[in-house]
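Reader: Hi, I have a new model open on my screen. Could you walk me through it?

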Amino acid sequence: HGLDLPSLDGTAGQRALDAAVEAGSIDAGAPVGIAGHSLGGVMGAAQWADNEAIEGLALLASYPADDTNVEARTSGSVVVIVGTEDARSTPADVEAGADRFILTHALVKVPGMNHYDWTDEATDGELAGDGAPTAERADSRTNVQWALAGWVDSCVTSSVGTWPFYAA
């Protein structure tokens with residue numbers, strides 16, 4: 001899509017899901033979830049809000065856009081994860097976004113993690129606009145993995161079938 005910006009193509013996630021079903025990687029009608037970091041999470045939240053077939057939503061250093069009606073969803077599962085040193089998607093902004101969900105959700109704050117600890121190749125310009133991490137990146141990522149694994153495990157054990165995920 002134009003300029004390689006996900007905001008210019010809000011249907012990419014659905015097309016990926018449709019392709020996975022068509023390829024036989026996911027059973028049609030099986031519960032699925034979507035996860036996204038930063039702008040990917042904004043797009044994932046919009047797709048989750050508009051599509052009841054997407055049961056799970058993982059927002060990674062992200063929160064729903066103001067015009068995304070997450071308040072209308074009364075079913076599904078949501079986890080929101082943010083680093084305490086994130087200066088891009090600040091913990092306060094992420095928590096305010098999480099508070100918009102009317103269904104039960106998990107909010108996880110990872111001590112010492114910043115916005116770009118999620119990525120491997122942040123530019124100097126990106127890092128300049130972020131908070132300074134106070135934890136080792138590997139430790140932060142391990143904490144995130146535990147949080148996501150616990151959330152996915154709770155989703156799988158509380159519903160029938162498996163939860164395949166695709167990244168926004």
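**A chat about the model**

Author: Happy to! Let's start with S38, which is partly exposed at a relative accessible area of 23%. For these labels, buried means under 20% relative accessible area, exposed means over 50%, and partly exposed is in between, with a 1.4 Å probe and protein chains only. Before we go on: this is a predicted model with residues numbered from 1 along each chain as its sequence is written, local features need pLDDT of at least 70, and side-chain atom pairs count only at pLDDT 80 or more. Totals for chains, interfaces and linings use all residues, while side-chain values use heavy atoms, leaving out hydrogens and water.

Reader: Good to know. Where does S38 lie?

Author: S38 lies in the loop between β1 (32-37) and α2. Helices here are DSSP runs of H or I with at least four residues, strands are runs of E with at least two, and both are numbered from the N terminus.

Reader: And what is the phi of S38?

Author: Positive, at about 60 degrees, although S38 is not a glycine. Most residues other than glycine have a negative phi. A61 is another non-glycine with a positive phi, of about 55 degrees. You will find A61 in the loop between β2 and β3, and A61 counts as buried because its relative accessibility is 0%.

Reader: What does the side chain of S62 reach?

Author: The backbone oxygen of S38, at 2.7 Å. That is a polar contact, meaning a pair of N or O atoms within 3.5 Å; within protein, one must be able to donate a hydrogen and the other to accept it, and residues adjacent in sequence count only if both atoms are side-chain atoms.

Reader: Is S62 buried or exposed?

Author: Buried, since its relative accessible area is 2%. S62 sits in the loop between β2 (54-60) and β3 (77-83). Leaving aside residues up to four places away in sequence, S62 touches G36, S38, G41, V42, V80, S89 and V94. Contact here means heavy atoms within 4.5 Å.

Reader: How many residues apart in sequence are V80 and S62?

Author: They are 18 residues apart in sequence and 7.5 Å apart in space, C-alpha to C-alpha. V80 lies in strand β3 and is buried, with a relative accessible area of 1%. Besides S62, the residues V80 touches, not counting those up to four places away in sequence, include L59, V94, A98 and F101.

Reader: Switching topic: how many aromatic pairs does the count come to?

Author: One. The rule takes rings of Phe, Tyr and Trp (its six-membered ring) with centres within 6.5 Å, and calls planes under 30 degrees apart stacked, over 60 edge-to-face and the rest tilted. The pair is W48 with F101: their centres are 5.6 Å apart and their planes at 70 degrees, so it is edge-to-face. W48 belongs to helix α2 and F101 to the loop between α3 and β4 (105-110), so the pair ties together parts that are 53 residues apart in sequence. W48 counts as buried at 0% relative accessibility, and F101 does too, at 4%.

Reader: Which residues of α2 are buried?

Author: G40, G41, M43, G44, A45, Q47, W48 and A49. As for length, the expected span of a helix is 1.5 Å times one less than its number of residues. Helix α2 (residues 39-50) has 12 residues and so should span 16 Å; its end C-alpha atoms are 17 Å apart, which agrees.

Reader: Where does N51 lie, by the way?

Author: N51 is in the loop between α2 and β2. N51 counts as buried at 17% relative accessibility, and it touches Q14 and R73, again not counting residues up to four places away in sequence.

Reader: Big picture now: how many helices and strands does the protein come to?

Author: Five helices and five strands, in the order α-β-α-β-β-α-β-α-α-β along the sequence. Of its 168 residues, 39% count as buried.

Reader: Last one: where is confidence lowest?

Author: In strand β5 (residues 165-167), at a mean pLDDT of 41, while helix α3 (residues 91-98) is highest at 96. pLDDT is the predictor's confidence in each residue, from 0 to 100. Residues 160-168 have pLDDT below 50, and this stretch has 33 contacts in the model beyond near neighbours in sequence. For the protein, the mean is 86, and 86% of its residues reach 70 or more.
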